[in-house]
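Student: Please take one part of this structure and examine it closely, in a single connected account. I am interested in the contacts between side chains, in how accessible the residues concerned are, and in how the parts of the chain come together.

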Amino acid sequence: MVNSNITLYTADSANGWKISIALELLKLNYTVKELNIAKNEQKEAWYLKINPNGRVPAIVDHSNDDFKVIESGAILHYLVQRYDTEHKLWPKDLKLQSEVLQWVFFQVGGVGPMQGQAAHFGIYAPERIQYGIDRYLNETKRLFSVLETKLEGHDFIAADQLSIADLALFPWVSLAYRFAIDLTEYPNLNTWVERLDKIPEVVKGLDVPVPNNEYRFVRADPAKVKEELAKWSPDFYATN
């Protein structure tokens, strides 16, 4: 176990899982502080001193002068630069490091925002706006197609090794069922998700801050996806 003392502020979300999975894979000592998003705890004054943007996740590295890091991509980068001395998730070569970061940015600037907006318009919006649903769902599918091509002949997203690029993308892509996206239509991407699903530290990280029973239920029987999750937004899932 690497000498570390980190507090992870998180919630049951894809961005939070990125960090808990990384912490598990790097075998770092960390404490979890779950924030109740439904009660807007992430907007409370004490937390805004840690993350002025009022979002999760964030970390405080007590073994590095209580250094605070916000934004999931930046947290991943910080963790591997400070703690990944064995290059488990961060290659040695500068060009390969750049390749990894390119795909981390692809996630934080593309996949995450597009899926997030698809969820908003398709599931949570108080009124149905078909343009918004189509715009963001179609863009999510386009980005999945980019990943499908990138994974042709490769086991991992970048540098031919497990890296923070995989960790950035996996929690979001694995939630494709929430958008009635059938990952079997993207065979390389589906195989990649199944590959990461089998890594014990990934499984453990998905259970932070709470056991991820919904994810296991759906991944175990994809045929039940639409039936189960159509309860959230029947109109959206009926048309996709």
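Tutor: A residue is called buried here when its relative accessible area is under 20%, exposed when that area is over 50%, and partly exposed in between. By that rule Glu24, at 13% relative accessibility, counts as buried. Its value, like every other value below, was computed from a predicted model.

Lys204, with a relative accessible area of 51%, is exposed, whereas Glu24 is buried. A further salt bridge joins Glu201 to Lys27, whose closest N and O atoms are 3.4 Å apart.

Contact involves 22 residues of domain 1 and 22 residues of domain 2. The size of an interface is often given as the accessible area lost when the parts come together. Between domain 1 and domain 2 the buried area is about 1900 Å², and carbon and sulfur atoms give 76% of it. On the side of domain 1, the residues that lose the most area to domain 2 are Trp17, Ile21 and Leu25, which together make up 33% of what that side buries. Two salt bridges are counted between domain 1 and domain 2.

Gln107 has its place in helix α4 (residues 94-124) and counts as buried, at 1% relative accessibility. With neighbours within four places in sequence left aside, the contacts of Gln107 include Asn15, Lys18 and Trp172. Ser13, in the loop between β1 and α1 (14-25), is partly exposed at 21% relative accessibility. From Ser13 to Leu101 the C-alpha distance is 22 Å, for a separation of 88 residues in sequence.

Thr10 is found in strand β1, and with a relative accessible area of 0% it is buried. Residues up to four places away in sequence not being counted, Thr10 touches residues including Gly16, Val32, Leu35, Val56, Val208 and Pro209.

The structure holds eight aromatic pairs. One of them is the tilted pair of Tyr9 and Trp46, at 6.0 Å centre to centre with 55° between the planes. Tyr9 is buried, with a relative accessible area of 11%, while Trp46, at 41%, is partly exposed. The rings of Tyr9 and Tyr47 form another tilted pair, their centres being 5.8 Å apart and their planes at 55°. That pair likewise links distant parts of the chain, with Tyr9 in strand β1 and Tyr47 in helix α2, 38 residues apart. Tyr9 and Tyr47 are both buried. Through these ring pairs Tyr9, Trp46 and Tyr47 are linked into a cluster.

To return to the charged side chains, the structure holds seven salt bridges. Among them, Arg82 pairs with Asp61, the closest N and O atoms being 3.2 Å apart. Arg82 is in helix α3 (residues 72-83) and Asp61 in strand β3 (residues 58-61), so that the link spans distant parts of the chain, 21 residues apart. Arg82 counts as partly exposed at 36% relative accessibility, and Asp61 as buried at 0%.

Arg142 and Glu139 form a salt bridge at 2.8 Å from N to O. Because they are three residues apart in helix α5 (residues 130-150), about one helical turn separates them. Arg142, at 44% relative accessibility, is partly exposed, and Glu139, at 18%, is buried. A charge also faces an aromatic ring: the charged end of Arg135 sits over the ring of Tyr136, 5.4 Å from its centre.

Note on methods
Residues numbered from 1 in each chain as written. Predicted model: local features only at pLDDT ≥ 70, side-chain atom pairs only at ≥ 80, totals over all residues. Heavy atoms only, no water. Phe/Tyr/Trp six-rings, centres within 6.5 Å; stacked < 30°, edge-to-face > 60°. Buried < 20%, exposed > 50% of the residue type's maximum accessible area, 1.4 Å probe, protein only. Helix = DSSP H or I, 4+ residues; strand = E, 2+ residues; numbered from the N terminus. Lys NZ or Arg CZ within 6 Å of the ring centre and 35° of its normal. Contact = heavy atoms within 4.5 Å. Buried area = accessible area lost by both parts, 1.4 Å probe. Salt bridge = Lys/Arg side-chain N within 4 Å of Asp/Glu carboxyl O.
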